[in-house]
Each structure stands twice: as C-alpha cells, then as structure tokens.
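Welcome! Let us take a look at the charged side chains in this structure and how they pair up.

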Amino acid sequence: MKSPGLAVAAAFPALVVAAAFAPAQAAIGSTGWRVVLTKHYGPASNLSAYETVAAPGAGDAWVFGGTSVAFGGPAGNGTPVAEHWNGAKWTPSALPSGLVGDVSASAAVSGKSVWAVNESGSANASILHWNGASWSVAGSLPGTSTDVATGMLGFSSSNVWAFGNPGNAAGIGAWHYNGSTWTRLTGIARGITTAAAVSPADIWAIGSTSLPEDTLVHYNGSTWRQVTAPVLSRSSFSSILALAKANVWAITFPLQGASTHLVHLSGGKWTSVPLPWTFSYASPLVSDGSGGFWLIGYAAARTWAVHRTSAGVWSRTELAGHPALMGLALVPGTTSLWGAGTDTALSGTGTNAEIFADGPER
C-alpha cells in the first residue's frame, strides 16, 4: 500500500541503475528501530525509494523499489532495482533487462521462490520470479500507466496472488496463479488491493472497485465473500493483518473528522479499537512474532513505529527524519523486522531509498 499524502509514494515509477552516492550501511549490532541502508540512484534530483520487502527466512530478505528520474517526473521513465540480504550485508541483485518503472509488491514462498510485480508505466505490469539463482519475467498483467501493484501473497509454486489498484475493468485488478496460468478475479474480489493470510484457505483482504479501499473480504479456500459488521460500516482501510484464525486486525482511514483507528476480529465479533495516539494516517501492519503487531503512524510531520503486545500494551518509537515506510516484513521464526521506505525531503533535491530494521539483523 502506498504511503500517506506523500508525493514520492505516488510518483515512484522508475530507477536509474547507476547510484550517484555510495550506499551507507549501518553496523550490525543495534536492535532498536534504525536505518541500516541508505542509497540514492542517479542524479541528486531523483526520488529514490524502496517500496516492498519480502523475507523468506533468517539470513535471506529482499527489498525492491524504484526512482523517478526527476523530481516529480512522469511514470515509466527509469529502471527498477532489488537489494538482497544474505545474513551479513545488503547487495544489489540484477533484475531482467529492459524493465521500466518500480517494484511495489512482493511475496516470498521460499528462498528459491520469490515473486514481485514491476509497474511498467505502460499498458501492463510484469510478474517477476526468483528461482534461487536469477530473476526472470514470469508473466504480464494488463493495466494502464497510472495503475499501482499493491500486494502479493505466495504459498507455493502453484498458488500465488497478485493485487493492483484500481480494481475496475481498466486497472490491474486481482489475479491468481495456479502454476501455469494467471487468472483475473471477478466479482467482489476484483477490487482487492492487499491481503493477509492465516493459511491458503483463510485469507483476509481489503479493497474496492473504486477508491477509497472500503471493502473487507474473506476467502475460505474456494469463495471470496464480503464481510459485514456494524463496526465496519463507512470504513476505509489502509492495511490488514491476520495473526491467527479469528484474530484479524485492520487499520481504517480517518472519516468525518475521526482519528485513524483499528478494527479487530476476535471471538467471531468485530470491535473498534482506538489508537492511544492521533495519527493522520497509519500503514502498514505487521506481526511482531510474539502475538502482537507493529504499525507505522504519521502525524504532524513525524513518523512513529507503534507497537501493541499480545497483552494489549502499547508503545511507540519516533523515527528520525519523518521517513515513509511502505513495506514491513517479519523474519520468520524471529521477532526481527525489515522495512522498506524513503526519506521525505521533498524540497526538489530528491530523496534517498532506505532500509529499516528492528531487532537483531537476521
């Protein structure tokens, strides 16, 4: 999901592969929230950003993004990049040649099967696949130059989902891969923008056939259906997290002057859960590996990493420089997180792509 009210989030179409400035990697050893890699691509005026992160396991993670060739530049005028974590450092990974635009959605099935969507800035989006040795183009999804890839889920080599925005007939829409063919979803599922899964037969998603993302849907292994509850009425969602069966959280946009808040499914019932602090926008949500979760909140030109434990105890950490974090991923089997984002120095001098971490770098 794209970041709040940030021109850089909507304008990330491209990357110039040559970096103008040497990347800065933080020393391993810290455990709190911090930037571990800062990198800029091309001239100083470029808008560089990492937008999505996938972590197959400890010692193995991927961050993807893109850069607008000029401040506020048009879509489709650059080349995407990927960075790979091998347990010791982040290094660039070559994507297929000829691609333009940015990579804004990804999913990891295993260390030898990682999926991503590249927005071309033209009439389609490319599905990219990592086989453990190299990247290849594994499919193409029709769309328009203004479409955005917004989410992916991957369970196996024959069960992958890709979502885009908008979900109308002209947009990327929602797709499923069965191992040989990509099939576009119809009905209520066509407008899905992002999803979270307990299992392949228990998936929760948000989306709409038109903005904002005001629909909550559930997949039971065969059918998508819209979920209704009084607490969900007149809600627009920015992120969703399924921690366990019947333990689902979603972040809502402010509506009619209300603050950003959460809705929670527990015991078969949806309830509204206010945040302890007021945020103009919050997203994304990610598990903390211990039954709780993290989210990123924005307010008054400040950015916060917000934590809720499984016992309901809240805390928050301010992130220096008001960065935008567009992707978060839990390292499986740990409580460590990776984050993909950018600084927000939108002054005409461009931005840097940034990788974040919390907990030991796994």
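Lys39 is buried, with a relative accessible area of 8%; buried means under 20% relative accessible area, exposed over 50%, and partly exposed in between (1.4 Å probe, protein chains only). This is a predicted model, in which local features need pLDDT of at least 70 and side-chain atom pairs count only at pLDDT 80 or more, while totals for chains, interfaces and linings use all residues. Residues are numbered from 1 along each chain as its sequence is written, and side-chain values use heavy atoms, leaving out hydrogens and water.

What does Lys39 pair with? Its partner in a salt bridge is Glu83; the term stands for a side-chain nitrogen of Lys or Arg within 4 Å of a carboxyl oxygen of Asp or Glu. Glu83 is buried too, at 2% relative accessible area.

A search of the whole structure finds three salt bridges, listed here:

| Pair | Closest N to O distance |
|---|---|
| Glu83 and Lys39 | 2.8 Å |

Arg302 is partly exposed, at 38% relative accessible area, and Glu318 is partly exposed at 37%.
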